[in-house]
Amino acid sequence: MSSAQEQRTERVGIDELLDRVRAGYERIGPEEAAAAAADGALLVDIRYAALREADGRIPGALVVERNELEWRLDPQGSHRAPEAVSHDLRVVVICNEGYASSLAVDSLRQLGLHRATDLVGGFQAWRSAGLPVAL
């Protein structure tokens with residue numbers, strides 16, 4: 001069996017997968033995310049509509065539901081968002097609690113968005129830190 005075949009058949013649990021993915025980049029906290037946004041980083045909220053409606057939104061964040069993320073943020077993509085201008089763009093992905101965003105970052109990094117990261121604790125950490133939320 002080739003190495004590639006072995007990798008495809010290797011089984012890992014989600015906790016191990018998250019550990020592996022997160023080992024490849026530095027995650028940031030709410031205050032760091034707010035500072036990054038002030039410095040031009042793109043905050044991207046991947047939560048689904050019901051969560052945004054219930055809990056609010058981060059002012060200025062681009063809303064892109066998870067199933068559209070790669071298409072909207074690929075700077076070379078035909079369906080890219082106007083904000084997706086470069087592979088050098090600093091992107092901070094935000095989900096509800098900081099789990100799905102880690103997997104999303106891994107996908108964005110595979111597309112060449114090498115400065116992509118996510119928010120530890122997600123939107124809930126942002127709100128708990130007392131940072132702005134629009135209802």
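## Leu 108 and its contacts

Leaving out neighbours within four places in sequence, Leu 108 is in contact (heavy atoms within 4.5 Å) with Leu 69, Glu 70, Leu 73, Val 91, Val 93, Leu 113 and Ala 116. The model is a predicted one, in which local features need pLDDT of at least 70 and side-chain atom pairs count only at pLDDT 80 or more, while totals for chains, interfaces and linings use all residues. Residues are numbered from 1 along each chain as its sequence is written, and side-chain values use heavy atoms, with hydrogens and water left out.

## The nonpolar cores

A nonpolar core is a set of buried Ala, Val, Leu, Ile, Met, Phe, Trp, Tyr and Cys residues joined through side-chain atoms within 4.5 Å, where buried means under 20% relative accessible area, exposed over 50% and partly exposed in between, with a 1.4 Å probe and protein chains only. The largest such core has 20 residues, and those touching the most other members are Val 44, Ile 46, Leu 69, Leu 73, Val 91, Val 93 and Leu 108. Strand E1 (42-45), H5, E3 and H6 each give two or more residues to this core, and H6 supplies the largest share, three residues. Another core, of 13 residues, lies apart from it and has Ile 28, Ala 36, Leu 43 and Ile 58 among its members.

## Helix H6 and its cover

Helices (H or I, at least four residues) and strands (E, at least two) are DSSP runs, numbered from the N terminus. In helix H6 (residues 100-110), the buried residues are Ser 101, Ser 102, Ala 104, Val 105, Ser 107 and Leu 108. They are covered by elements including helix H2 (14-22), helix H5 (69-73), strand E3 (91-94) and strand E4 (117-118). After H6 comes Gly 112, whose phi is positive, near 100 degrees.

Two strands pair if DSSP finds at least two bridges between them. E1 and E3 run parallel and are joined by four bridges, with Leu 42 standing opposite Val 91 in E3. E3 also pairs with E4 in the parallel sense, over two bridges, and here Val 93 stands opposite Asp 118 in E4.
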